[in-house]
Amino acid sequence: MLTAPADLRLALDLVGIFAFAISGGLVGVRARLDLFGVAVLAWATGLGGGILRDLLLGDVPPVGISEPRYIITVLLAGLAVVAVYPVVVDLGRRRPRLRLGVIGQAVKYLDAVGLAVFSVAGALKALILGAPPLACIVVGVLTAVGGGAIRDVLVGQVPEVLRREVYAVPALLGASTVVVASRLEVLSVAVVWGAVALVLGLRITAIVLDLQVPTRLHLPTL
Amino acid sequence: MLTAPADLRLALDLVGIFAFAISGGLVGVRARLDLFGVAVLAWATGLGGGILRDLLLGDVPPVGISEPRYIITVLLAGLAVVAVYPVVVDLGRRRPRLRLGVIGQAVKYLDAVGLAVFSVAGALKALILGAPPLACIVVGVLTAVGGGAIRDVLVGQVPEVLRREVYAVPALLGASTVVVASRLEVLSVAVVWGAVALVLGLRITAIVLDLQVPTRLHLPTL
Amino acid sequence: MLTAPADLRLALDLVGIFAFAISGGLVGVRARLDLFGVAVLAWATGLGGGILRDLLLGDVPPVGISEPRYIITVLLAGLAVVAVYPVVVDLGRRRPRLRLGVIGQAVKYLDAVGLAVFSVAGALKALILGAPPLACIVVGVLTAVGGGAIRDVLVGQVPEVLRREVYAVPALLGASTVVVASRLEVLSVAVVWGAVALVLGLRITAIVLDLQVPTRLHLPTL
């Protein structure tokens with residue numbers, strides 16, 4: 001059993017919120033939003049997945065709107081993006097291609113961290129609230145992909161989860177690991193972090209391979 | 001009264017989920033998503049309307065994420081689209097116009113089936129959970145149009161419900177039929193299927209007329 | 001304390017629903033939707049923010065789908081837009097630039113009214129349902145920006161809240177005023193209308209300044 005499930009879930013949530021919020025802010029910079037738009041997008045991306053999770057589990061008001069530590073985390077992430085905003089804008093003026101490439105890469109890796117942490121945190125919370133095992137897995141996946149999907153829809157892009165082969169699958173494996181471990185009564189802090197590492201490893205491997213062999217691994221498309 | 005409301009609602013839900021999931025998968029093929037994107041879009045389209053319904057009625061976790069039969073149905077629909085994917089891709093390579101036309105038609109008819117079934121199933125569930133009559137009608141309509149709207153927004157299109165004259169209106173009539181019949185205490189299995197047939201008939205008539213007289217029936221636009 | 005909180009909240013809600021519904025209908029006209037699409041978009045814009053608020057607070061079914069006065073208000077707004085539709089279409093045929101300018105201005109001011117009213121009404125309802133202070137503020141902001149964001153996403157635009165500097169901030173101040181007044185036990189009808197006036201004044205000032213000095217006030221963008 002988990003020795004400190006509440007603390008552990010809080011830690012997972014805060015890491016995921018921070019990573020997703022930064023990714024949202026950077027997508028906002030790339031979409032040429034102004035400072036306020038960047039901050040609002042950071043907010044929606046960081047807290048969207050957790051709010052969706054809590055609505056699905058009936059835990060209202062969602063912690064994403066009522067827990068001060070969550071709001072402070074997303075504000076700090078917003079401030080971090082705002083602080084780096086002039087640097088990125090300046091970089092963009094001189095070398096536009098570099099800017100888009102750097103931001104695109106940073107968004108992918110931060111998104112991977114959020115995906116890993118939220119798939120596990122979402123499944124954990126569903127387990128603790130007594131949801132059926134299947135629901136726990138689905139809630140984990142939706143928590144993980146929700147924030148990024150909201151971010152992409154808001155700036156008029158097709159969400160990453162529809163465009164990347166290995167995006168939802170790692171989240172599915174991460175959430176399933178936690179749920180299966182709970183059923184087998186072997187859920188521990190080590191299993192939780194192992195599941196996070198599994199998702200992160202798979203997703204980052206996919207990002208790296210996609211970068212180096214851009215066409216080979218793609219499935220046949222139209 | 002309904003002799004077997006639970007079985008009847010399950011049957012309606014499964015038909016609607018399957019039809020919408022196939023339509024979502026086909027829209028994904030048309031939007032040139034890869035295999036995984038197609039499967040995820042099938043999932044979101046098939047289960048989105050029902051999840052929205054359950055959130056509105058406070059029935060959490062929604063059956064769309066906790067009921068194994070629903071998940072299996074959407075997986076089967078996803079597999080069906082994936083099986084037909086190479087055929088459609090191949091068709092698209094040789095005759096792109098034919099591909100788009102065939103997929104577009106299939107999506108419209110499947111969407112009509114989902115619309116018909118979900119408008120009635122949504123209103124029925126709201127009635128059984130004791131929602132006020134007006135809420136039952138609105139929930140029915142939102143269940144019916146929700147999955148398709150989510151599908152269209154995710155691939156960056158303006159939802160069908162905003163672009164087609166006779167889209168929300170049949171769903172409104174279908175949901176209202178069930179709710180009025182319930183108030184008059186004449187709700188039966190025959191009424192339920194009659195309401196489904198009414199919506200389907202109206203929607204298909206609209207699709208066929210729109211195809212044959214493409215400009216005549218349109219209202220004045222800018 | 002408020003002498004008649006229920007009546008006051010009803011009045012605020014009805015004003016907000018009407019203003020947002022008209023703005024939604026006008027955006028639909030500008031996006032060249034047909035009559036039905038215009039009506040559906042009016043509906044989604046007018047009721048979307050309140051439905052989101054009620055889902056976040058667990059007050060289901062949301063009043064936006066069950067309260068007849070709300071539905072009637074949105075229907076009246078829809079009828080108003082439909083009545084003015086031919087006039088606007090005719091205007092657009094003869095002077096397209098004028099049409100877009102006039103509609104764009106009307107949408108902004110109506111949106112400002114909805115923003116002001118819903119930020120206060122959302123926070124009030126959250127207070128009455130006993131949500132924590134922070135959640136009350138966030139619910140107020142989300143109620144205020146939700147309908148407009150749904151409207152913009154449905155027609156494929158980046159939501160106003162991401163594109164305008166002074167959009168979310170007035171809503172934040174309005175909701176905060178009500179929550180702080182409640183904590184200080186000085187919440188009155190005068191404070192409520194004062195908060196509405198504050199949001200409206202700030203937002204309209206921003207609209208007017210933006211129009212007159214279109215480039216000066218902008219933050220550096222890429």
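Is G58(C) buried, partly exposed or exposed, and why is it classed that way?

Author: The model discussed here is predicted. In it, G58(C) is partly exposed, because its relative accessible area is 38%, a value that falls between the 20% limit for buried residues and the 50% limit for exposed ones. The residue sits in the loop of chain C that runs between α2 (35-57) and α3 (63-66).

Within chain C, D54(C) and R53(C) form a salt bridge, with 2.9 Å between the closest N and O atoms. D54(C) counts as buried, since its relative accessibility is 0%, and R53(C) is likewise buried, at 3%. In chain A, salt bridges with shared partners join D13(A), R53(A), D54(A), D59(A) and K125(A) into one network.

Chain C also meets chain A through nonpolar residues. I65(A) touches several residues of chain C, including L56(C), L134(C) and V138(C). I65(A) is also among the residues that touch the most other members of the largest nonpolar core, which has 203 residues.

Finally, chain C can be laid on chain A by a turn of 120° with a shift of 0.0 Å along the axis, giving an RMSD of 0.0 Å. The two copies are therefore related as by a three-fold rotation axis. Only 8% of the interface residues of chain C are also interface residues in chain A, so the copies meet through different surfaces.

Methods: Residues are numbered from 1 along each chain as its sequence is written. Chains are lettered from A and ligands numbered from 1 in the order in which they are written. This is a predicted model: local features need pLDDT of at least 70, side-chain atom pairs count only at pLDDT 80 or more; totals for chains, interfaces and linings use all residues. Side-chain values use heavy atoms; hydrogens and water are left out. Helices (H or I, at least four residues) and strands (E, at least two) are DSSP runs, numbered from the N terminus. Buried means under 20% relative accessible area, exposed over 50%, partly exposed in between (1.4 Å probe, protein chains only). A nonpolar core is a set of buried Ala, Val, Leu, Ile, Met, Phe, Trp, Tyr and Cys residues joined through side-chain atoms within 4.5 Å. Contact means heavy atoms within 4.5 Å. Copies are superposed by least squares on the C-alpha atoms of residues with pLDDT of at least 70 in both. A salt bridge is a side-chain nitrogen of Lys or Arg within 4 Å of a carboxyl oxygen of Asp or Glu. Lists of a residue's contacts leave out its neighbours within four places in sequence.
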